[in-house]
Amino acid sequence: MSHFYSEQKKGYEFPERGSLSLDSEVEVAKPENAAQYGEASSVRHRLNSGQIDSEYDSHRSSQIYSGHGNIAGQPVNAKFETTRAVGGGPGDGWPQAPEVHGGRRQAPASRMLLSGFLHFVKVLIIAILIILLLAAVGIPVSDNGVPFPGDYTKMGFGWQLDPRSYLTPFNTSFTDFNILLDAHLHTIYSDGALSPQQAIEFSLANGFNAIIVTDHQTVEGSLATKEYAEEHFGDRITIITGMEYTCCRIHMNLIGINETIPVSPPFPSDDELRGVIDKVHDMGGMVIVNHIPWSNTTLLPWDEARLPDHPTREQLLEWGVDGFEVVNQGTFDLRSYQFIQEHADRLVALTGSDMHYPGPSYAWTTINAPNKSSEAILDEIRNRRTSFLLDASGTRPVQDPPFNPDYFKYAPWGMIGDYFYGFGDRYRGQYSFQASFCQKEVVKVHHSMIGWFFLWLLVSILVIEVLYWSIRWLILLVARKIRARRSRHHQ
C-alpha cells in the first residue's frame, strides 16, 4: 500500500555548491533503521517547485530516516525526520511528511558554470545566424526588390492652371505669345513615372499647350506620346519629338528628330560629341544643352563635377549647339542666360521641367507661332524668338500618388537591408545611362559601428537572459508558496 505526502523544503542546503536545484530527485535506498520500523523498502523524494513529494512503503510510523541517494545523478547524504503518524487516522502506523534538514552535494561548481556558458554561446550563435539570414534576404531586396512607394499609374490631374494670369515674360518686350512650352520631360520609356497619356494630362493641367518629350537615349517615348495626343487630344496640345543624349560628359536634348541616335561611349571624345551635333543638324533637328549647373555640381567623396570634363559654353558654341536650357526645374542658370545674350545671333534660350515625377512647374517657354503645329514652333525656336515665364516658388496644387500596396509587403525587408547598408557607405556616382557610372565606386566600411553593433548584441542577450531567469525564479517562487499553502490546508 502506498501513500503520498507533500512537505515543506526545510534547510536542504549545500554550503559548498549552493541550493538544491528545482526538479532534482533524492532517491534514498534502504533506510538505516528500516528494520526497527518495519519492512521499509524505499523512500523517494522529489523537489518540485519548492515541494517534496514522498512515497513510503511501510507499515509503521517512524521518527527518523537517514540514507543516501543522488540528486540529478550526483551522490548526496540526507537525514529525514517525522513527527507523528498520519494516514487513515492518527496512530495508524503511517509516517508524517518528513522534513529535509540537510544534505551535501559533491559535484564541482564548474559544471554549472560550464552549462551556463554553453547556454549563452548557443543563444549567441542562434542570434548571429538570424542576423545573417536577415542580411542575406534584406540587402538584395533593398537593392532591387522593393516596389516604388507610390502607384503613379493611378494618378490623375484634375486642375487647370493659367500662368498667364499672374506671370509676365522674363523679356518684358515679349508680350504676345500663344505657346507655353515645356522643352524637357520624361515618360516611362526611360526613367519617368508617367505614361504618355499622363504626361499629356499633367502638362495640360499645369498650363502647357506644347511639350518636347526627351526620354533618355530614345525617341520612342516622344513618338508614342505624339501618336496618343493626335488621337485623343486633337489641337489642345502639340507634341515635339526628341531624346536626351545622356553620357558622363554632357546631357543634350536632341529635338525635332524622329530617329534615335546611338549614345556611346560613356565618355565620348570632343570629336564624337561634334559628330553627334552634326548628325542632328543633318536630320533637321536642333541641339540644346541641358542643366549646366546640375552637371557641374560637386560630388563627394570624389570632389569633382557630377559630369566630369563637361565642355565649356565656349566649346559648345564652337561645336555648333543651338541653345541652352536656362531654367531646369527650379534652377535659373543665370550665367547661361547671360551667355545667350552675349551671342543672341546664334543661341536660343529654352526652359524645361525635366519632369520625371509630377511636381511643381517653375517655368514656361513662351513662343508666338503662326499656328500650333510642331513645325511652326520649331521654326520659332530656330529663329531664337523665345522668352519664358518664371515662378520661382513653383505651382500648386502638388499631390502625391496613392500608395502602392506591394510596397508595404516588401518594405520591411528593404528597411532591414538599408540598416545593414548603414554599416558602410557605397558611393557609385552619377549613372551614365549606359549600364555604368561616371565615377569610380568608393566603399567605406564603418568598423567601429560594426563593433558597437556586436557589443550591444551581447548586452541585449545578457539582459534578456537575466530577465528570463528572474521571471522564471519569481514564477517558481509563487508556485512554491501556493503549494505550501495547499499542503498546510490538507494537513
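Helices in this talk are DSSP runs of H or I with at least four residues, strands are DSSP runs of E with at least two, and both are numbered from the N terminus. The model is predicted, so local features need pLDDT of at least 70 and side-chain atom pairs count only at pLDDT 80 or more, while totals for chains, interfaces and linings use all residues. Residues are numbered from 1 along each chain as its sequence is written, and side-chain values use heavy atoms, with hydrogens and water left out.

I will begin with the salt bridges. By salt bridge I mean a side-chain nitrogen of Lys or Arg within 4 Å of a carboxyl oxygen of Asp or Glu. Searching the whole structure gives twelve of them. One of these joins Glu230 and Lys226, at 3.4 Å from N to O. Both residues sit in helix 4, and because they are four residues apart, about one helical turn separates them. In general, an α-helix has 3.6 residues a turn, so residues three or four places apart point the same way.

I will also say how covered the residues are: buried means under 20% relative accessible area, exposed means over 50%, and partly exposed is in between, with a 1.4 Å probe and protein chains only. Glu230 is exposed at 55%, and Lys226 is partly exposed at 24%.

Next, Arg249 and Asp270 form a salt bridge at 2.7 Å, N to O. Arg249 is in the loop between strand 11 (242-246) and strand 12, and Asp270 is in helix 5, so this pair ties together parts that are 21 residues apart in sequence. Arg249 is buried, with 4% relative accessibility, whereas Asp270 is partly exposed, with 30%. Through shared partners, salt bridges join Arg249, Asp270 and Asp309 into one network.

Then there is the salt bridge between Arg428 and Glu441, at 3.8 Å, N to O. Both residues lie in the loop between strand 21 (424-427) and strand 22 (442-445), so the pair ties together parts 13 residues apart in sequence. Arg428 is partly exposed at 35%, and Glu441 is partly exposed at 40%.

Now the aromatic rings. Rings of Phe, Tyr and Trp (for Trp, the six-membered ring) pair if their centres lie within 6.5 Å; planes under 30 degrees apart are stacked, over 60 edge-to-face, and the rest tilted. The whole structure holds 27 aromatic pairs. Among them is the edge-to-face pair of Phe324 and Phe339, with 5.9 Å between centres and 90° between planes. Phe324 is in strand 16 (residues 323-328) and Phe339 is in helix 8 (residues 334-342), so the pair ties together parts 15 residues apart in sequence. Both Phe324 and Phe339 are buried. A second pair, Phe403 with Phe408, is tilted: 5.3 Å centre to centre and 55° between the planes. Phe403 is exposed, at 58% relative accessibility. Elsewhere, ring pairs link Tyr419, Phe420, Phe423, Phe453 and Phe454 into a cluster.

Which residues form a nonpolar patch on the surface? They are Trp452, Leu455, Trp456, Val459, Val463, Leu467, Ile471 and Ile475, with about 810 Å² of accessible area together. Patches are made of residues with over 30% relative accessible area and no salt bridge; like charges are joined within 9 Å, and nonpolar side chains (Val, Leu, Ile, Met, Phe, Trp, Tyr) within 5 Å. The areas come from the Shrake-Rupley method with a 1.4 Å probe, and for residues only the protein chains shown count as cover. Leu455 is in helix 11 and is partly exposed at 40%.

Arg480 also lies in helix 11 (residues 447-490). Together with Lys481, Arg485 and Arg488, Arg480 forms a positive surface patch. Lys and Arg count as positive and Asp and Glu as negative, with His and the chain ends not counted; the place of a charge is NZ of Lys, CZ of Arg, CG of Asp or CD of Glu. Arg480 is partly exposed at 32%.

Last, the backbone. The peptide bond from Leu300 to Pro301 is cis, with omega near 10°, and Pro301 is in the loop between strand 14 (298-299) and strand 15 (304-305). The bond from Arg396 to Pro397 is cis too, with omega near 5°. Gln217 is not a glycine, yet has a positive phi of about 65°, and Gln217 is buried at 18%. Asp354 has a positive phi near 50° and is buried at 9%.
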